[in-house]
Amino acid sequence: MSGALIIARKEYQLALRSLGTYIIFVIFLLFTGFMFANTALKIRLAELRGSFELMHILLLFYIPAITMGSIAKERNSGTLELLSTLPIRLGSIVWGKFLAAMLLLLTVLLSTLVYLALIAIYGIGVDYGAVATGYLGLLCAGAAYIAIGLFASSLSGNQVLAFILALAISAVFYLLRYVGDFIPVRVFASVEYFSFDYHLRNFLKGVIDTRDLLFFAVITYIFALLAELRLQAQNLMQER
Amino acid sequence: MIEIKELSRSFGAIRAVDKISFRVETGEIVGFLGPNGAGKTTTLRMLVGYLQPGGGSIELDGQSIFQAPLAASARIGYLAEHNPLYDEMSVMEFLRYVGSLRKMKKGELHHRLDYVIDNCGLEPVLNQSIKTLSKGFRQRTGLAQAILHDPEVLILDEPTSGLDPNQILEIRELIRELGASKTVILSSHIMQEVQALCDRVIIINKGRIVVDDSIGNLDSYIQGYNSVVLEVEASEPDFSPLLASLTDVELDSVEQRGEVCKLRFLCPPERNISRELSAYAVAQGWPIVSVFTQKQSLEEIFHELTREEEESAEQAMLLAGLEEESGHADELEITAETHLRADIQEEEPIPEKEQKEEPEEDEEKIP
């Protein structure tokens, strides 16, 4: 098994043992449950696009919460020194943590399927194709947010700072779609391209476009690479 | 075999390690000593590849560790200064995790786990979470992790800190055993430990090597005195006739406790005067209670060496200051004053023995 997979397995196992994981988990499910109920019962529509868009907003908070400790905690407790002197690449550390966070995201997204099942049982028609691509889209956007979270966590040993920074960077990518009101339309066209919402929209419509997949993959890769570079730079700059 | 050449590292303006070079052979245990902030941990961190050196080279069997860092770290076992461990894991989980990250095969891992658990005495806490371990068991877990993959080079940053005396003996025994076939570098601030364990000692101070020699040769770095303590049953015995014939021996202190009088004599390290002293006491009819020689401890040597270094560095700085500023008359005075003050301060802590030399000289002159 490669280093990244071993780290991912250990991280995931430890996360499942921590109370904090479950608290964040429950909060996420409460909010999403409320949203699903709102669309299905009040609006009497199985159009789940609204729910997915709200889930996207929740990810902005959920992902920094699960990634904030990933590297910052290792740095703070000194275990990063142990990990960096083992015969594994620094990239394996970052990708191992990435995989563990992806697994957590997948776990939480899969458990929202309960709501979907309820909606299906209570007999309002659901466009399953769009729901499937919607989940895929959330996973892709989630991967990018996780990479951002890892990068923020790699910067210092402070978890709170990592959370705030991850939230701030993620929010920039999220809010880009709303800047249309302030800037010329011509400029907005290119700015909008970097908005996560812009790429998520196709997924929610039930369309998988390779350009969207590629966009999220590139963002994910860039931030994971930045995190890895940060770990390498620590060798040169460490002041302790 | 590990060899470092001209290794340097600065943090900002502070030169933590300044062009140090040494070489450690297989089967050698080297003690790395120095006061706090001397650059011990920085050097060890560079040796394990955690810190990038500012200059110089580190070679493991003739190959730079930065050429193939993964291969090099597979051959090195490292116990870091604060012994970082994953608190949420149990001891067994942690060791298995480290083993799998070191890509050990199942059978080999099983075999080595048995060995380290047995030798580090981890049996009673195997399934306990590391968070709940005592400091001694934490330290042993850290050591177990470092030797798990049977490394050729073992680098231990203060391996026995936090252990009780029995555990210290056990761990020392283990390190000694490992040292027979491996290259071991251990840092410590405990002199007895280095004295008990190491073949060789490297003392560093302010990033520079002050001493690099075998433990036995350390005495030669210091012109100290051995002291011989003689306890005899007599009230205020008079040794002056004997002392008159032994010009290089002096009486340091006399302490009368009831029947027994305790006398301390100072003599050069190469001389053994206990025979003369006891013969004289017997001839005078004073029963001898005890007689023993106290060698200067490594601690004293360490203290002297690191202090000397500081003094000479300070003096060099002051001299440099004097030369630089000789153009400015006003400033020159100030510097000269500080120089004087520094001299006064330095004279104060001079050990008693050196002060005792003066009366001896006087005695010599009188006859």
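Two residues are in contact when heavy atoms of theirs lie within 4.5 Å.

This is a predicted model, so to speak of local features takes pLDDT of at least 70 and side-chain atom pairs count only at pLDDT 80 or more, while totals for chains, interfaces and linings use all residues. Residues are numbered from 1 along each chain as written, chains are lettered from A in the order written, and side-chain values use heavy atoms, with hydrogens and water left out.

**View 1. Chain B as a whole.** Take the contacts in chain B between residues at least 6 apart in sequence: 69% of them join residues at least 24 apart. The chain has 12 helices and 14 strands (DSSP runs numbered from the N terminus; helices are H or I with at least four residues, strands are E with at least two). Of its 367 residues, 48% count as buried, meaning under 20% relative accessible area with a 1.4 Å probe, protein chains only. Chain B exposes about 18,200 Å², and carbon and sulfur atoms supply 49% of that (Shrake-Rupley method, 1.4 Å probe).

**View 2. A four-stranded open sheet in chain B.** The strand order is E2-E1-E4-E5, with antiparallel pairing; two strands pair if DSSP finds at least two bridges between them. E2 (14-24) and E5 (63-64) of chain B sit at the edges with a single partner strand each, so one side of each has no neighbour in the sheet. Helix H1 (residues 40-47) of chain B packs on this sheet, touching E1 (2-11), E2 and E4, and its direction makes about 120° with that of E1(B) (axes are lines fitted to C-alpha atoms, for helices over the stretch in contact; angles run from 0 to 180 degrees between N-to-C directions).

**View 3. Where E4 meets E5.** Two bridges join E4 (residues 55-60) of chain B to E5(B), and the two run antiparallel. Look for B:Glu59, which stands opposite B:Ser64 in E5(B).

**View 4. Two lysines with positive phi.** B:Lys103 has a phi near 60° and is found in the loop between helices H3 (91-101) and H4 (106-119) of chain B. B:Lys206, with a phi of about 50°, lies in the loop between strands E9 (200-205) and E10 (208-214).

**View 5. Chain B against chain A.** The contact takes 27 residues from chain B and 28 residues from chain A. About 2,700 Å² is buried between them, 57% of it from carbon and sulfur atoms (accessible area, 1.4 Å probe, lost on putting the two parts together and summed over both). B:Tyr50, B:Tyr86 and B:Leu101 supply 27% of the area that chain B buries here, more than any other three residues.

Definitions and conventions. Buried < 20%, exposed > 50% of the residue type's maximum accessible area, 1.4 Å probe, protein only.
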